[in-house]
Amino acid sequence: MSISPFPSLLPHMPDVKGRLSEFALLSKTTWFQVGGPAQLLYKPENADELSYFLAHKPTSIPLTTIGVGSNLLVRDGGIEGIVLRLGKGFTDMVVTNNQIQIGSGALDINASLFACQHNLGGFEFLSGIPGTIGGALRMNAGAYGREIKDIFISAIALDPKGKVHKLTIEDMGFSMRHCAIPQDWIFISAILQGYEDDPQIIADKNKHIKNQRESTQPVKSRTGGSTFVNPKGYKAWELIEQAGCRGLRFGNAMVSDLHCNFLINTGDATAHDIESLGQLVQSRVLDASGILLEWEIKRIGQRLG
Ligand SMILES: Cc1cc2nc3c(=O)[nH]c(=O)nc-3n(C[C@H](O)[C@H](O)[C@H](O)COP(=O)(O)OP(=O)(O)OC[C@H]3O[C@@H](n4cnc5c(N)ncnc54)[C@H](O)[C@@H]3O)c2cc1C
């Protein structure tokens, strides 16, 4: 017998080959390792199947796309509707004229390794970001002074009806950790620009980024990356530090000692612990500095009870 709060959606789903898993626990998917079930988790075989699925599923059932959950706090009550995750059928990479055409399910680290193998510079910053290309497009992911927008040529996305759209940089409307494409559109691939470079120089840059990250960020912990966006002219971590929040705890969630814009699941934290800790940090920073920090981490799903 299912203990899920959600009824089954399977009888309403179009006939597809991709995997449909009922009530899959999202804590197994997210970096924080918290989060309730997806009413239905769908992993499509390929883009054609996904397009067919979107065109034939009931429009009343909501759909949420996730990557590898490295920027997500999924609440303990889970996600109603369909949760879409792009898997193996969306990881192809092809090089033409110093550009890489890449599936949105590919990991950023694999994009940077592939670029190195093909003597292409410009992708090194992706080597330290633990998400997928789809998540990088949505978040305009960036590090060390470069963002996805700096290498972006075009992307292919599906709208909620399964219609294919080719997107230019103007369409994307990139800004700090944000793009302007509607939240219910799904990126399926992108073309990203590199430049010819010596593979040893690229590998050295990748190694330098890895070392620097490991010494300054809790990359081996259950975390969601930077919790709050840097307010204009400020660094979120400094404001958090000045408000005395380094090491602050709520339940089993803790502000990282190593980098205080990172929250950590220290063991068996709930999403409620982590979100409450984030809210506590927000209110202490507001009291100390008058600045309201804005969440960078996406909080999705339902609260329990
Ligand atoms: C240790 C650590 C370090 C990090 N360092 C950095 C960093 O240096 N720079 C940085 O920018 N980020 C960083 N992050 C945050 C995170 O890795 C990025 O935001 C990443 O781009 C998220 O990708 P994801 O696949 O995990 O997406 P998710 O976290 O699964 O989703 C994030 C958002 O993207 C959307 N999304 C995902 N895939 C698609 C798709 N195919 N189509 C449409 N929407 C999609 C989701 O709906 C959601 O809104 C870090 C995170 C961790 C845990």
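1. K210 is partly exposed, with a relative accessible area of 49%. The model is predicted, and this note starts from that residue. K210 forms a salt bridge with E214, and the closest N and O atoms of the pair are 3.3 Å apart. E214 counts as partly exposed as well, at 34% relative accessibility. Both K210 and E214 belong to helix α5 (residues 199-216), where they sit four residues apart, about one turn of the helix.

2. The structure holds ten salt bridges. One of them joins R75, in the loop between β4 and β5, to E275, in helix α7 (residues 271-289), so this pair ties together parts that are 200 residues apart in sequence. For R75 and E275 the closest N and O atoms are 2.8 Å apart. R75 is buried, with a relative accessible area of 13%. E275 counts as buried too, at 5% relative accessibility. Buried here stands for a relative accessible area under 20%.

3. E275 has a further partner: its side chain meets that of R303 in a salt bridge (3.0 Å, N to O). R303 lies in the segment after β19 (298-300) while E275 is in helix α7, so the pair ties together parts that are 28 residues apart in sequence. R303 counts as exposed, at 52% relative accessibility, whereas E275 is buried at 5%. Elsewhere, E147, K149, D150, R177 and E296 are linked in a network of salt bridges.

4. The domain assignment divides the protein chain into domain 1 (10-88), domain 2 (89-202) and domain 3 (218-300). Between domain 1 and domain 3, the C-alpha centres lie 27 Å apart. The contact between these two takes 14 residues from domain 1 and 19 residues from domain 3.

5. About 1,500 Å² is buried between domain 1 and domain 3, and 58% of this area is on carbon and sulfur atoms.

6. How many salt bridges does the rule find across the interface of domain 1 and domain 3? The rule finds one. For polar contacts, the rule finds nine residue pairs across this interface. On the side of domain 1 that touches domain 3, β3 (63-66) and β4 (72-74) each supply at least two residues. β4 gives the most to that side, with three residues. By class, the side of domain 1 that touches domain 3 has eight nonpolar, four polar and two charged residues.

7. Helix α1 (residues 47-56) has E49, L50, S51, F53 and L54 as its buried residues. What covers the buried residues of α1? The cover includes strands β1 (19-25), β2 (37-43), β3, β5 (79-85), β11 (152-158) and β13 (186-193). At the N-terminal end, α1 is capped by N46: a side-chain oxygen of N46 lies 3.3 Å from the backbone nitrogen of D48.

8. M172 is found in helix α4 (residues 169-172). Is M172 buried or exposed? M172 counts as buried, at 0% relative accessibility. When its neighbours within four places in sequence are left aside, M172 is in contact with L137, F152, L167, C179, A180, I181 and F187. The C-alpha atoms of M172 and S154 are separated by 8.8 Å, and these two residues are 18 residues apart along the chain.

Notes. Residues are numbered from 1 along each chain as its sequence is written. This is a predicted model: local features need pLDDT of at least 70, side-chain atom pairs count only at pLDDT 80 or more; totals for chains, interfaces and linings use all residues. Side-chain values use heavy atoms; hydrogens and water are left out. Domain bounds come from an automatic or database domain assignment. Contact means heavy atoms within 4.5 Å. Buried area is the accessible area (1.4 Å probe) that two parts lose on being put together, summed over both. A salt bridge is a side-chain nitrogen of Lys or Arg within 4 Å of a carboxyl oxygen of Asp or Glu. A polar contact is a pair of N or O atoms within 3.5 Å; within protein, one must be able to donate a hydrogen and the other to accept it, and residues adjacent in sequence count only if both atoms are side-chain atoms. Ala, Val, Leu, Ile, Met, Phe, Trp, Tyr, Cys and Pro count as nonpolar, Asp, Glu, Lys and Arg as charged, and the others, Gly among them, as polar. Buried means under 20% relative accessible area, exposed over 50%, partly exposed in between (1.4 Å probe, protein chains only).
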